[in-house]
Amino acid sequence: MTKPPVTIPVINRSAFPLPAYATAGSSGLDVRANIDAPITLTSLERTLVPTGLFVAIPQGYEIQVRPRSGLAVKQGLTCLNTPGTIDADYRGEIKVILINLSQEPQVIQPGDRIAQLVLQAIDIIHWQPVEQLDETDRGSGGFGHTGKQ
């Protein structure tokens, strides 16, 4: 069963179309670089790329900014602090932190699809202070505790 869409008020101050789903099964909307001229990123260089988009996310939701897999595998460009979170009370321009993880300079052109936006429902945490937690098979085993397979 498909959930009904959530209406998000948006201002588009870019020359490009609103973010859109690439296919009927896509969970992320492709967002574009709202730049006047190409940006060249050298190896390991990062930059903040504007999108020209401003949104009013309803309470109880966030929008996550995620990398585009094709951009990452083909050019080595990905998002830092992934997934990035756009909070419901933020009203500034959506910007994407891109980094070039390849060894060659990479160019971002005006209108390039640079990331994807995913709407996510948020559950609010209510802390319950206790003296002891319930036991599990894993217990306190952390990073790499199961060993290599």
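Mentor: Start with a cut-off: contact means heavy atoms within 4.5 Å. Keep in mind that this is a predicted model.

Trainee: Leaving out residues up to four places away in sequence, which residues does I114 touch?

Mentor: I114 is a member of the largest nonpolar core. Its partners there and elsewhere are counted without residues up to four places away in sequence. They are V31, R32, A33, V49, R68, L71, C79, V96, L98 and I108.

Trainee: Which residues touch the most other members of the largest nonpolar core?

Mentor: This core has 22 residues.

Trainee: How many strands does the protein chain have?

Mentor: Along the sequence the pattern is β-β-β-β-β-β-β-α-β-β-β-β-β. There is one helix. The strands number twelve.

Trainee: What radius of gyration does the protein chain have?

Mentor: The C-alpha atoms fill a box of roughly 55 × 40 × 30 Å along the principal axes. A compact globule of 149 residues would have a radius of gyration near 15 Å. The protein chain has 19 Å.

Trainee: Of contacts between residues at least 6 apart in sequence, what percentage join residues at least 24 apart?

Mentor: Take the contacts between residues at least 6 apart in sequence. Then keep those joining residues at least 24 apart. The share is 71%.

Definitions and conventions: Residues numbered from 1 in each chain as written. Predicted model: local features only at pLDDT ≥ 70, side-chain atom pairs only at ≥ 80, totals over all residues. Heavy atoms only, no water. Helix = DSSP H or I, 4+ residues; strand = E, 2+ residues; numbered from the N terminus. Rg over C-alpha atoms; globule rule 2.2 N^0.38 Å. Core = buried A, V, L, I, M, F, W, Y, C linked by side-chain atoms within 4.5 Å. Buried < 20%, exposed > 50% of the residue type's maximum accessible area, 1.4 Å probe, protein only.
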